[in-house]
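Trainee: Could you walk me through this one? I'd like to start with the ligand and then move on to the domains.

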Amino acid sequence: MMLYDAVVIGAGPAGITAALYLVRSGVSVARVENAAPGGQILSTAEIENYPGFPKSIKGWELADLFDAHLASYPVERVRGQVLSMEQTEGRTFLLHLAEDKTLEAKSVVACTGAHHRKLGAPGEDAFSGKGVSYCAVCDGNFYRGRDVAVVGGGNSALEEALYLSRIVNKVYLIHRRDAFRGAMIYQNKVREAENIELVTGSVVDEIRGGTAGVDSVAVRRLDSGETRVLPVEGVFIYVGMEPVSGYLPEGVNRDAAGFVLTDAEMCTNIPGIFAAGDIRAKRCRQVSSAVGDGATAATAASSYLEQWNA
Ligand code: NAP
């Protein structure tokens with residue numbers, strides 16, 4: 001089995017950047033990718049805050065550009081999902097993928113990001129893919145000219161409510177508090193949109209429907225207990241993210257939600273394991289911060305490999 005200097009797990013902005021910096025430092029690199037390169041930006045309609053694109057850029061276009069940048073470098077691309085990982089007595093890491101595939105590396109950069117958290121409302125699972133969605137860019141078109149609900153109050157919920165408002169007839173934006181967590185620029189746009197109705201201070205009691213899919217959402221005001229049934233055919237849920245970190249060895253320190261703890265150089269508590277991007281415990285979760293994390297992690301991994309090879 002080939003022993004790589006570094007295996008980068010994940011093909012979002014952090015993973016692509018880490019692989020780019022590592023291969024340019026002259027070490028052997030494999031990158032494990034579970035899906036098409038791009039990660040979360042593939043399900044983001046427009047990216048307005050990545051420097052260099054003053055007129056904004058579509059998520060898939062930026063993903064293509066990131067991937068094209070890496071294409072001419074000798075990075076081994078391995079399709080699959082890392083299921084578990086362990087350290088050997090020789091300090092290398094064995095990464096176990098599906099179908100009994102195993103990779104061995106001197107260092108690992110974990111860039112597997114995070115995925116959308118579920119709301120936990122009755123009907124959410126039953127209507128998943130039949131009206132309940134976590135990706136407005138993927139599924140928004142199915143609801144062209146119809147009424148939908150968006151749940152959440154962070155940047156994702158606000159951005160996707162705005163995206164949907166340009167396609168659908170009406171968006172109900174349901175949020176459990178009266179104040180939004182998302183950036184003021186999106187809050188202002190949401191308030192200005194004529195076809196977005198704010199349903200704040202309210203929670204989803206149930207997502208309802210029949211064989212044809214979702215037909216309504218029952219919401220309840222938290223202060224008065226007053227209930228209301230919103231006639232919608234789609235429910236887009238954006239209530240935060242969960243890290244994809246379960247495959248890392250148990251000894252890797254994480255916060256209560258499972259996000260990986262690192263120092264400012266992206267080193268975890270286990271020498272040789274680095275983490276970059278949304279898998280980390282941090283506040284700023286942006287394409288630009290993921291790119292920065294990837295470069296920092298690769299630099300730290302290169303220093304680690306220099307010591308290893310000395
Ligand atoms: P987030 O910022 O954590 O927001 C999650 C939202 O869901 C919050 O408003 C939260 O309510 C609500 N929520 C959580 N659990 C809930 C539940 N059980 N029931 C009802 N509501 C619930 O998550 P996000 O919007 O997915 O964003 C994740 C990260 O990516 C953030 O750091 C965000 O800034 C970043 N991001 C940035 C951009 C951008 O700048 N272009 C775009 C997308 C995401 P409370 O507010 O009451 O806690």
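Predicted model: local features only at pLDDT ≥ 70, side-chain atom pairs only at ≥ 80, totals over all residues.

Trainee: Which residues come nearest to the ligand?

Mentor: With that 4 Å cut-off, there are 20 residues around the ligand. Those that come nearest are Asn155, Glu159, Arg177, Arg181 and Gln286.

Trainee: How much of the ligand does the protein bury?

Mentor: Look at the polar side chains first. Arg176 has a side-chain N or O atom 2.9 Å from a ligand oxygen, and for Gln286 that distance is 3.1 Å. Arg181 puts a polar side-chain atom 2.5 Å from an oxygen of the ligand. Taken alone, the ligand exposes 920 Å², and the share buried by the protein is 79%.

Trainee: Now the domains. How far apart are the centres of domain 1 and domain 2?

Mentor: The domain assignment gives domain 1 two segments, 3-116 and 241-309, while domain 2 covers 132-237. Taken over C-alpha atoms, their centres are separated by 32 Å.

Trainee: Which residue forms a salt bridge with Glu48?

Mentor: Between the two domains the count is 1 salt bridge and 0 residue pairs in polar contact. For Glu48, the closest N and O atoms are 3.5 Å apart, and the partner is Lys189.

Technical notes: Residues numbered from 1 in each chain as written. Heavy atoms only, no water. Domains from an automatic or database assignment. Salt bridge = Lys/Arg side-chain N within 4 Å of Asp/Glu carboxyl O. Polar contact = N/O pair within 3.5 Å; in protein donor to acceptor, adjacent residues only side chain to side chain. Areas by Shrake-Rupley, 256 points an atom, 1.4 Å probe, with all protein chains shown as cover.
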